[in-house]
Structures are given as structure tokens and as C-alpha cells.
Amino acid sequence: MSARMAKELYESELMVLQAKLVDMQAWVQATGARIVVIFEGRDAAGKGSTIKRVSEYLNPRVTRIVALSTPSERDKTRWYFQRYVPHLPAAGEIVLMDRSWYNRAGVEHVMGYCTNVEYHRFLHQAPIFERMLVEDGIILLKYWFSVSDIEQERRFKDRANDPMRRWKLSPNDMLSITKWEDYSRAKDTMFVHTDIPEAKWWEVDNEDKRRGRINTIAHLLSQVPYEVIEREDVVVPERPPSGGYERPPRDMTATVPDYAKEVEKRHKQERIASKKRKKTRESDAAAIAAKEEKSEEAPGSA
């Protein structure tokens with residue numbers, strides 16, 4: 001992949017594509033279409049940040065993000081796909097899956113969380129299950145986010161050093177570095193069995209997250225046969241005259257303290273203190289310069 005995409009160009013193009021996503025969502029609502037988008041890939045491959053950009057301006061009641069937790073003991077006794085079925089979209093809905101039933105072909109298989117029989121059963125059933133979804137009218141898109149071992153390790157280290165993002169690293173994430181080739185073989189096998197004409201795998205080169213997000217959203221839009229729907233203008237009505245309502249005294253309710261005011265006050269004090277320190281440094285520097293100049297002009301100076 002080429003050099004990192006320029007931030008200004010990335011942000012302007014992202015806004016254009018996000019506006020088209022809003023148009024697509026309106027078409028989904030108007031036509032009753034159903035869309036499932038699967039985001040898969042290695043740990044730290046950039047799935048979550050791409051989903052965030054896809055959903056940023058969409059209605060969360062229409063476009064849902066599904067990120068299931070570890071299966072319960074009860075879940076483990078059910079048909080594997082059963083826990084995913086309730087999250088499939090109804091008419092006029094979009095589901096973005098942050099990982100999916102492909103956990104079984106990846107982390108569960110590599111880490112030994114499923115048996116060999118369960119693994120091979122999944123590889124056999126997944127294409128059948130997905131054909132059923134597509135035959136029923138669901139638009140199913142599957143994206144695999146690729147990243148190099150060097151870039152993955154760099155992102156892991158960034159997260160480990162950032163207290164705000166450290167929660168993203170699980171024990172399994174750490175082990176994925178030591179099992180790079182195992183995950184590579186699992187991905188290759190998964191593609192062989194589940195890359196079907198009805199639901200192809202689309203690979204995203206996500207070494208540069210900006211390019212990866214732009215490419216993914218543009219491709220997603222190209223795969224949905226949406227049209228721009230005429231939407232009625234929203235007219236904000238005139239506020240009617242007051243009917244005599246009086247608000248109860250504010251001291252009768254608990255009010256959130258004005259923390260923002262305290263922040264502004266503290267910021268102002270820090271600015272004033274900073275200016276004073278700067279003036280002091282400038283004054284000290286001027287005094288030293290004057291002293292040195294006077295010393296140079298004194299008789300007998302070299």
C-alpha cells in the first residue's frame with residue numbers, strides 16, 4: 001500500500017461517503033431492504049474504527065452494531081448459528097457485525113475453544129446458512145481486514161501504552177502475536193470453504209486505516225442497489241403563545257454542578273500564570289543581556 005492518505009483529503013472524502021450512507025439508509029427504510037455487513041479480521045486490524053465511521057451519522061434504531069460477548073454455557077449447547085439469528089435485520093434495518101459467526105473459523109479454532117468436529121461442521125454449514133439468508137432477500141456483505149504482522153504489533157504497543165485504549169487488549173489478543181501463522185492458515189481455510197458467489201469475501205488492505213475506511217465505505221455503497229429517496233422537508237412549527245405555564249423554582253430539583261465553569265476558571269488562571277512566567281523569563285533574559293553588554297563595555301575587557 002502507498003503512503004498514508006492525507007488527513008484533509010481523507011476527512012473531506014469521508015464526509016461525502018457518509019452523506020451517501022445516509023441516502024442508502026433512507027432507501028433501506030423506504031424499501032424494507034435488509035442488510036448485514038460482517039467485519040472480520042485479525043486483532044487490531046481496524047474493524048471497530050471502520051464500523052464507527054460507517055455508523056457515525058446513521059440512525060441507531062435503523063443501523064445496529066452487533067458485537068456479541070463470549071457465549072454462555074447455555075449458548076454452547078445450542079445450534080451454533082442460533083445465537084446470531086435473533087440479531088438479523090427485519091425490514092428496513094441494517095446490521096453491522098463487529099465479528100460474527102466466523103469466530104468459530106478463527107479464534108475458536110486456533111485457540112482450541114471448539115472441537116475439531118464443531119469446526120468442520122461450521123465450515124460445512126456456514127455456506128448453507130448464508131445462502132439461506134441471501135435467498136430470503138438479505139444483502140450480505142463480508143469484509144476481511146488485512147494488516148501486516150509489523151503493523152499489528154505496532155498497534156498493540158500503541159494500545160498498551162495508552163490508558164484510554166488499553167481495555168481493547170485481551171489475553172487472546174496478546175496470544176495472537178505468537179499464533180500469527182496459525183491464524184493465517186485458519187483464514188485461508190475459511191476463505192476456501194466460505195467464499196461463495198452468493199456471499200463473497202472482500203479483502204480490505206488496512207495497513208493505512210484512512211485508506212481502508214474510504215475503500216470499505218465506497219465498496220459497501222457500490223454493493224447496495226440504493227437510489228436517492230425524495231425526502232419531505234422538515235418544517236419546524238411556530239411556537240404557540242404561552243398558556244400561562246410557569247416553571248417551578250429551580251431549587252426544587254437537583255441540578256448538575258457547573259463543572260464546565262470550573263474548567264473555564266482554571267483554564268483562565270493557567271493562562272494568566274503562563275503569561276506571567278513568560279514575562280518573567282523575558283525580563284530575566286533582558287537583564288542578563290544588559291549585564292553582559294555592560295560587562296563588555298567596561299574598561300580592560302578583552
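Because the model is predicted, local features were considered only at pLDDT of at least 70 and side-chain atom pairs only at pLDDT 80 or more, whereas totals for chains, interfaces and linings use all residues. Residues are numbered from 1 along each chain as its sequence is written, and side-chain values rest on heavy atoms, with hydrogens and water left out.

The C-alpha atoms of the protein occupy a box of roughly 100 × 70 × 40 Å along the principal axes. The radius of gyration is 29 Å, whereas a compact globule of 302 residues would have one near 19 Å; the radius is taken over C-alpha atoms, and the globule rule is 2.2 Å times the number of residues to the power 0.38. Buried residues account for 36% of the 302 residues, where buried denotes under 20% relative accessible area, exposed over 50%, and partly exposed in between (1.4 Å probe, protein chains only). Of the contacts (heavy atoms within 4.5 Å) between residues at least 6 apart in sequence, 79% join residues at least 24 apart.

The secondary structure consists of 9 helices and 5 strands, these being DSSP runs numbered from the N terminus (helices H or I, at least four residues; strands E, at least two). Along the sequence, the elements follow the pattern α-β-α-β-β-α-α-β-α-α-α-β-α-α. Strand β4 runs parallel to β1, to which 7 bridges join it, and V36 has L140 of β4 as its bridge partner. A further 5 bridges join β4 to β5 (residues 201-205), again in parallel, with D205 of β5 as the bridge partner of S146; strands are taken to pair if DSSP finds at least two bridges between them. All 8 of the 8 residues of β4 are buried, with I139, L141, Y143 and F145 on one side and L140, K142, W144 and S146 on the other.

The largest nonpolar core contains 29 residues, among which L21, M24, I35, V37, L220 and V224 touch the most other members; such a core is a set of buried Ala, Val, Leu, Ile, Met, Phe, Trp, Tyr and Cys residues joined through side-chain atoms within 4.5 Å. At least two residues of this core come from each of α1 (7-31), β1 (34-41), α2 (47-55), β3 (93-98), β4 (139-146) and α8 (209-223), and α1 provides the largest share, 7 residues. Apart from neighbours within four places in sequence, V224 is in contact with M24, W27, I35, I139 and L141. A second, separate core of 27 residues includes V66, C114, W144 and F191.

Among the buried residues of α1 are L14, L21, M24 and W27, and the cover over its buried residues includes β1, α2, β2 (63-66), β3 and α8. Following α1 is G32, whose phi is positive, near 75°.

Elsewhere, R159 lies in helix α5 (residues 149-160) and is buried, with a relative accessible area of 11%. Residues up to four places away in sequence aside, R159 touches A44, R165, R166, K168 and L169.
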